[in-house]
Amino acid sequence: MSTGERPEASSRTIIETRGLRRIFSTRRGPVEAVAGVDLSVAAGTIFGFLGPNGAGKTTTLRMLTTLLPPTGGEATVAGCDLRREPARVRQRVGYVSQRGGSDGAVTGRSEVVFQARLYGMSAADARARARELIASFQLDECADRRTQSYSGGQRRRLDLACGLVHRPQLLFLDEPTTGLDPQSRAHLWEEVRRLRAEGTSIFLTTHYLEEADQLCDQLTIIDQGRLVAAGTPSELKRQIAGDVVTLGVGGDPQRAVELLQRQPFVRETTAGADEVRCFVDRGETATPALLRLLDGAGIELRSLSLSRPSLDDVFLRQTGRRLREEAA
Amino acid sequence: MKTLRDTALVFQRYFGIFVSNPAWVVIGAVQPLLYLLLFAPLLKSIAATPGFPHGGAYNVFVPGLLIQLGLFGSTGVGFGLIADLRAGVIERLRVTPVSRLALLLGRALRDIVTLELQSLILIAVAIPFGLRINAAGLLIMLALVALIGLTMGSIAYALALWLGDENSYAPLIFTASLPLLLLSGVLLPLSLAPTWLRDIAAVNPLSYAVTAARAIFLGHLGNRSVVEGVAIFAVLTAVSMLLAVRRFSRAIA
């Protein structure tokens, strides 16, 4: 898979959906788990699908990976029509589910070999590919032990190795770091970035805001089966409130507020006991201007801090609920 | 072709798991052996009772044990499927282009191969006690055990997919198989039974299998009961496998 085969990866879309829906029939009547989702995912990026448990993340993912037939809508995944060509989609995408899916009674190596054989590789090719993946995911030490003895991090790396055995163009990861310790989580993020650097597109679901923020190029927030927001992590954060510059001032803060409110680049200013909170679109360019203004007006500046709204704020604004509580 | 290749791969994997845990092989063979060693001697004293079939205690009892092995050996297969579903193994395999049918057939093949191995162990151990069987009889007997195993296994898989958890699967499958066993004449021949019991047993397909198995061990291979027993289970196998395949492809598209 040379880079020549994927010219201007960013201009291609790897997933395109129109009105993708899934209705489950339950004893209490039909439940619309995914209520018409339009997605457009650029090739070669890490795409984050963010939402609380039960929002429809996994259902969407299961539809896109051919595990669950959609009730309605259209989707093109890795260049193939999801409904008409599920077999071709399977050849081109990899999927690592939340539960992983390795058998505790089998060694890691035989899991990878078996997976490779299912994609049609010969026994020799499958063994060679397994050796390659085991080395690249640093599983040499445990590859010939049964997976029931693996640590959480080792098991996740094995799951990734299985999901990548056929060199998919697109890899789906369902809650990839849930239950991992911070070190394994950081390690997994590195692996995911490495895959992107090698040209693999990644679609991941998460309910960790930090993960979405740190790892993803593009984010879409889903809640109760509907998309509620989309953009890059910083676009989403800017969309809600801009940056907050907190200024500690000497004397009456009201003077500073009156001065700052007149500036066109300041959206809103609020006064505290001895500080002023200033909401601006771009904190990094606004800060020097604020400093000059206060200096020019003879207002003493004691402290300054710049903070950005978190994705948690975005989620709260879009859905009226906090994500962390939902995820607990 | 692809289905065959995939079935072989799935079979290899599950058979590998089975052999890599010798405890399962031993447990599978020990139960019928215990019956053979601890129960069959009791039959010796009643073998002379009027109504007891001809052929001696072991030639009457071992055929029944083989049928029992076919019945109980296959009722447990649903546990493995439920565990795999829960661990996400099946889901992981479904995202690959593997033939869906192969996922079921590979497992069923593993079940049948283990069943046949256990049957051979049982027959081999019983021969020193006076069991007699010829090569043709052995083949027909193994085929009959395989058909029973496939029938019960298919029902077990369909039930496991339908119920989805061990806590409802276990009581249901064991409660359902016990009357099947008791009404089959496995432990004691139904010829000793009162008429009403024999009448109920007449609708139990397993009782035909047991009668067929006893005829096979007496060397009456062309006997009508052998044809009946094998035919009944050939039909049941076809029907139950169809059911399991449909259930499987519905649950696991």
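A:Leu20 stands opposite A:Val37, which sits in strand 2 of chain A. Strands here are DSSP runs of E with at least two residues, helices are runs of H or I with at least four, and both are numbered from the N terminus.

Now show both partner strands. Strand 1 of chain A covers residues 13-26, and strand 2 of chain A covers residues 29-42. They pair in the antiparallel sense over eleven bridges; pairing requires at least two bridges found by DSSP. Look at the turn: two residues lie between the strands of this hairpin.

Pick A:Arg21: its bridge partner in strand 4 of chain A is A:Gly72.

Zoom out to chain A. Colour residues 3-237 as domain 1 and 243-307 as domain 2; these bounds come from an automatic or database domain assignment. The C-alpha centres of the two domains are 45 Å apart.

Last stop: the contact between the chains. Select 21 residues from chain A and 17 residues from chain B. Contact means C-beta atoms, placed from the backbone, within 7 Å. On the chain B side, helix 1 (2-19) and helix 5 (89-94) each give two or more residues. Helix 5 of chain B gives the most, with five residues. Colour the chain B side by type: nine nonpolar, four polar and four charged. Nonpolar means Ala, Val, Leu, Ile, Met, Phe, Trp, Tyr, Cys and Pro; charged means Asp, Glu, Lys and Arg; the others, Gly among them, are polar.

Residues are numbered from 1 along each chain as its sequence is written, while chains are lettered from A and ligands numbered from 1 in the order in which they are written. In this predicted model, local features need pLDDT of at least 70 and side-chain atom pairs count only at pLDDT 80 or more, whereas totals for chains, interfaces and linings use all residues.

Technical notes
Two residues are in contact if their C-beta atoms, placed from the backbone, lie within 7 Å.
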